[in-house]
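Visitor: I would like to learn how to read strand pairing and a ligand shell. Could you walk me through an example?

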Amino acid sequence: MPRAPRLALERGLYLVTPDDPDRDALLARVQPLLPACACLQYRNKQADAALRRAQATALADACRAAGVPFIVNDDARLAADLGAGVHLGEHDGSLAAARALVGDDAIIGVSCYDTLDRARQAAAAGADYIAFGAFFPSTTKPNARRASLSLLRDAAPLGLPRVAIGGITPDNARPLVDAGADLIAVVSGVFDAPDPLAAARACQALFEIPES
Ligand SMILES: Cc1ncc(COP(=O)(O)OP(=O)(O)O)c(N)n1
Ligand SMILES: Cc1ncsc1CCOP(=O)(O)O
Ligand SMILES: [Mg+2]
């Protein structure tokens, strides 16, 4: 029987934060975008533990107020302390250890990169979503390994939400959605856009069913 996450994951934009060195500045960049997000991930690969905790706490409060599921990258301990979900990559510990920390109701997402085998293992271990990518060259993570579109289709029988990541913009995301991505995870395609709110809305609009 599948577990129900605390806040159900809707299809749409999975916004991921850039490496901002300031708590209030990051909050000011993210907060206006929350109405256009299905989900937010706090990711900061430059910050020390104190800044990460301060930024994650501020974002967790903002997400709670906006009704947006909140996920912490890499750090299940921090996620557990904030009542958040956690995203785990291949170097971020086991799903079982994270589950023991965050509890049964929290969302745990797993990076599956370019392999269906990893997705099968994540599904069997109780992941709440599986993430594939990078689908395009990424300035945020230039050395990310690349994935092919067919993976999104091939992962459908696993029955979990499929997340696509890596170099995604409102202009290149359509084929990912058509191939079955339930969420598109985006950093620079929103935050580096001339108008981040317009970019976020354009990503979210890709999931809207056109009126007939
Ligand atoms: C939604 C989503 N997908 C993939 C990743 C990448 O995770 P990981 O491989 O652990 O790399 P880092 O993000 O930790 O550099 C992600 N964070 N989110
Ligand atoms: C964390 C991560 N994993 C694969 S690509 C990537 C970075 C995503 O950022 P961007 O949307 O700017 O390419
Ligand atoms: Mg990681």
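Guide: Gladly! This is a predicted model. Let us begin with a strand pair: S7 and S8 run parallel and are joined by three bridges.

Visitor: Which residue stands opposite Leu-183 in S8?

Guide: That is Val-163.

Visitor: With which other strand does S8 pair, and in what sense?

Guide: To read a pair, look for the bridges and then for the direction. Strand S1, residues 12-16, pairs with S8 in the parallel sense, over four bridges. Within this pair, Tyr-14 is the residue opposite Ala-185 of S8.

Visitor: Are the faces of strand S8 covered or open?

Guide: Here we take the residues of each face in turn. Strand S8 spans residues 183-186, and both of its faces are covered. Leu-183 and Ala-185 are buried on one side, while Ile-184 and Val-186 are buried on the other.

Visitor: Now the ligand. How many residues surround ligand 1, and which are the closest?

Guide: There are 16 residues around ligand 1, and the closest are Gly-89, Ser-111, Ala-131, Ile-165 and Ala-185. Two elements give two or more residues to this shell: strand S5 (108-113) and strand S7 (162-165).

Visitor: What does UniProt list for residues 13-190?

Guide: An unreviewed UniProt entry lists them as "domain: Thiamine phosphate synthase/TenI". In the model, this span is 36% helix and 20% strand, and its end C-alpha atoms lie 10 Å apart.

Methods
Residues are numbered from 1 along each chain as its sequence is written. Chains are lettered from A and ligands numbered from 1 in the order in which they are written. This is a predicted model: local features need pLDDT of at least 70, side-chain atom pairs count only at pLDDT 80 or more; totals for chains, interfaces and linings use all residues. A residue is near a molecule or strand if its C-beta atom, placed from the backbone, lies within 6 Å of it. A residue is buried if 20 or more other C-beta atoms lie within 10 Å of its own, exposed if 12 or fewer, and partly exposed in between; C-beta atoms are placed from the backbone. Two strands pair if DSSP finds at least two bridges between them. UniProt positions are given in the numbering used here, feature names are shortened, and annotations may be inferred rather than shown by experiment.
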